[in-house]
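Please read the following note alongside the sequence and the coordinates. The points go from the overall chain to one strand at the chain boundary, and then to one helix.

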Amino acid sequence: MSKQSAEASYTDRAHQGLNNPPLQKGLRSIQQGYGQGAMRIWDSLEDPALRKRVKAKRESTLAHLDIVLEELTKNIQQRGGNVFFAPTAKDAVNYVLDIASKKKVQHVVKGKSMTSAEIGIDDALEQAGINVVETDLGEYIIQLNQDTASHIIAPCIHLNREQIGRLFNEKLDIPYTDDPPTLTQEARKALRKQLLSADMGITGCNIACAETGHISLVSNEGNIRMATTMPKIHVALMGMERVAATMDEHASLLQLLTRGAALQKLSTYVSFQGGPSEKGSPDGPEEFHLVIIDNGRSKILGDPDFKEVLSCIRCGACLNICPVYGRIGGHAYNSPYSGPIGAVITPLLQGINNHADLCKGETLCGACREVCPVENDLPRMLSALRHKLAYGDAKWNVTPHDKNEKRFFAFWSRIVRTPKLYHLLIRVSGMLQRPFLDPDNMFSKLPGKIKGWTTTRDLPPIAESSFRHRWQQNRITPPKHVGHNSQEDHHE
Amino acid sequence: MNNHDLFLNKLHTICSQNQEQRTATTFSELAQAHKQIPCPVTASSSPTQQDLVALFQQNAIPLNLQVHYCHGWQDAAATIAAIAQKSSLEFTTQKEIIAHDHPDLQQLDLAPLFARQKIPFHLTCGEGTEIQKNTRNSFIGITAADWGVAESATLIQLTGDGRPRSTSLVPSIHIGVLPINRLLATLEQAYAILMNTPLPDSFVFISGPSKTADIEAHMVHGAHGPREMHTILVDMEGEPV
């Protein structure tokens with residue numbers, strides 16, 4: 001899906017996803033491979049309580065986030081690195097623009113970062129006349145296609161090799177091929193020039209470590225190491241919660257991250273950066289900037305219902321197992337964060353009413369909670385969001401999402417609490433429904449506002465005579481001499 | 001109040017409300033509390049050095065990482081020379097090689113070997129711009145590792161004098177050299193050592209050649225980093241250390 005259709009609704013985008021064969025194929029392959037694989041890894045852990053303990057540490061770190069970030073800052077500054085605290089996306093963007101303009105930056109290379117998409121840094125840099133190139137192969141393809149990512153780890157699973165071949169043929173001016181190694185080699189050549197000549201590298205941060213004063217980045221391609229080694233300036237964008245207090249916490253989070261994301265004991269590269277490179281070094285950045293971003297996270301941290309979601313390490317395992325994401329794909333979520341984690345974090349960061357469909361679209365089946373390396377209870381948080389949408393919430397500025405729905409359930413609640421009214425309604429409905437039933441004696445087309453109930457399924461009719469009614473009429477009698485001849489059956 | 005203090009004060013107020021989980025008042029208290037909850041992802045073991053070599057080799061296979069177990073420095077040097085002889089060029093038109101300026105690699109005495117092969121050989125010492133140029137012109141980068149981890153076939157390298165980061169990154173082929181007395185069983189053990197080591201601004205864990213599966217989950221080696229990686233495990237039994 002291209003950026004032009006930013007206004008399409010969740011339902012429209014979900015339908016587009018369902019009708020996109022390359023996406024369906026990509027989703028099947030990633031879910032069968034990675035989602036099931038992650039479950040198997042957790043099941044085979046020698047210590048089944050490991051994830052619980054890691055979570056406990058993670059939550060303890062978040063409960064001391066001020067102290068932890070102060071330590072991280074102190075240790076990075078001691079090495080001559082810069083740390084900037086950005087309360088909003090705009091503050092973060094302005095800080096980066098400011099460095100870029102002071103240092104006359106012309107070319108920026110990026111490592112894949114959802115935080116960078118969240119704050120919209122690419123557009124801002126481009127508007128300032130700066131050339132921005134994504135260097136992760138998947139992100140590069142997305143950028144060439146003027147597209148958005150459909151998976152947080154594998155951004156272009158909605159494109160097949162033929163589509164990518166045509167794209168490269170058109171944009172890179174190379175002969176058409178749909179051979180993945182050849183396509184990868186072409187991107188390698190094109191991006192190498194960019195990576196070796198850029199003035200600034202912008203990356204995210206997978207997990208920082210406060211105790212030692214480093215950020216750490218995982219990558220299989222090596223593009224992130226390039227982007228943090230070759231340009232003179234490295235800017236790392238970090239959501240304020242993406243920090244481990246100590247090295248031992250880092251060790252376990254890192255190993256859960258690479259296992260959850262891609263079933264790897266470690267990714268090919270795990271690189272730690274904690275400041276500018278030492279004077280006289282032939283490579284590494286002369287300037288290191290860490291931008292620690294709030295942009296709505298402190299509000300989440302202050303809410304006992306939702307603070308748990310900040311434990312997330314963005315491995316994407318929940319996308320790889322979710323039955324809803326597995327059908328509709330990532331574009332329906334209309335956010336850099338898709339899948340179950342996106343359905344919780346996007347409304348919290350960008351407005352619950354603005355993204356009301358996300359929490360309603362998920363099924364609350366619990367698969368995401370089971371596969372989560374830090375056992376985040378996403379279904380609980382999805383329910384909490386639904387509750388806010390049903391009743392409104394002043395603290396989160398939520399207005400009741402659907403007044404008619406609310407009225408209907410108020411009416412229904414009244415009825416079920418008044419037995420006489422309820423029985424009357426059932427009897428009358430049983431009689432009045434007849435003209436609306438189709439020849440199979442089912443509802444296949446309900447009218448008006450409730451038509452959605454029958455777009456993908458038929459509903460059975462209301463019984464003309466209810467169980468209760470038949471009971472009272474004494475039409476239900478115990479069966480006589482059914483089956484066996486045991487004595488107990490003959491008690492009439 | 002500056003932006004930094006405003007931000008942290010706000011967090012302080014929020015975190016202080018979480019009385020149940022907020023138990024520490026200083027970072028060292030928190031770090032102490034965390035160390036009471038060990039979370040090893042894999043069980044620790046104490047295998048022999050030979051077991052570790054076998055484990056490293058086994059775990060390298062799915063990574064497409066080529067491991068060469070060598071007896072002594074001379075054997076290691078001959079192995080490296082053979083790789084240089086048979087490997088082909090990718091970005092450049094002439095074979096050149098760059099190596100970390102490190103005591104381990106000095107033991108290999110590579111210069112005469114490459115001179116015989118007529119391959120220009122550079123060390124990562126001297127002028128920064130010169131090292132940069134040589135790194136970009138080299139098709140093989142040879143690096144010295146601090147530790148190896150058998151369970152994930154990983155090399156750990158601290159960046160420092162004579163050991164820049166681009167040597168393992170920019171050339172098409174990366175050869176990492178590690179004496180097996182610095183081979184560890186688990187990542188947990190490596191972290192335990194790192195925790196007690198003064199850490200530079202940059203260090204890296206490397207487990208195999210660069211790869212991507214972004215196009216239809218089709219695995220391709222050589223995305224942006226080296227397309228090929230060799231790890232030379234040097235057994236120095238009988239050699240003067």
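**Notes on the predicted model**

1. Chain A has 21 helices and ten strands, where helices (H or I, at least four residues) and strands (E, at least two) are DSSP runs numbered from the N terminus. This is a predicted model, in which local features need pLDDT of at least 70 and side-chain atom pairs count only at pLDDT 80 or more, while totals for chains, interfaces and linings use all residues. Residues are numbered from 1 along each chain as its sequence is written, and chains are lettered from A and ligands numbered from 1 in the order in which they are written.

2. The C-alpha trace of chain A spans about 100 × 55 × 50 Å along its principal axes. Of its 492 residues, 50% count as buried, that is, with 20 or more other C-beta atoms, placed from the backbone, within 10 Å of their own. Taking as contacts those residue pairs whose C-beta atoms, placed from the backbone, lie within 7 Å, 72% of the contacts in chain A between residues at least 6 apart in sequence join residues at least 24 apart.

3. The contact between the chains takes 79 residues from chain A and 65 residues from chain B. On the side of chain A that touches chain B, the residues divide into 34 nonpolar, 26 polar and 19 charged, with Ala, Val, Leu, Ile, Met, Phe, Trp, Tyr, Cys and Pro counted as nonpolar, Asp, Glu, Lys and Arg as charged, and the others, Gly among them, as polar.

4. Strand β9(B), residues 202-206, pairs in the antiparallel sense with β9 of chain A (residues 269-273) over five bridges, pairing being assigned if DSSP finds at least two bridges between two strands. Within this pairing, S202(B) is the bridge partner of Q273(A), and V204(B) is that of S271(A). Strand β6 of chain B (residues 154-158) also pairs with β9(B) in the antiparallel sense, over four bridges, and here L155(B) has I206(B) as its bridge partner.

5. How many of the five residues of β9(B) are buried? Five of the five are, with S202(B), V204(B) and I206(B) on one side and F203(B) and F205(B) on the other. In a regular strand the side chains alternate between the two faces of the sheet.

6. Helix α3(A), residues 50-63, has 14 residues that should span 20 Å at 1.5 Å a residue, which agrees with the 20 Å between its end C-alpha atoms; the expected span is 1.5 Å times one less than the number of residues. Buried residues in α3(A) include L50(A), V54(A), K57(A) and T61(A).

Technical notes
Buried ≥ 20, exposed ≤ 12 C-beta atoms within 10 Å, placed from the backbone. Contact = placed C-beta atoms within 7 Å.
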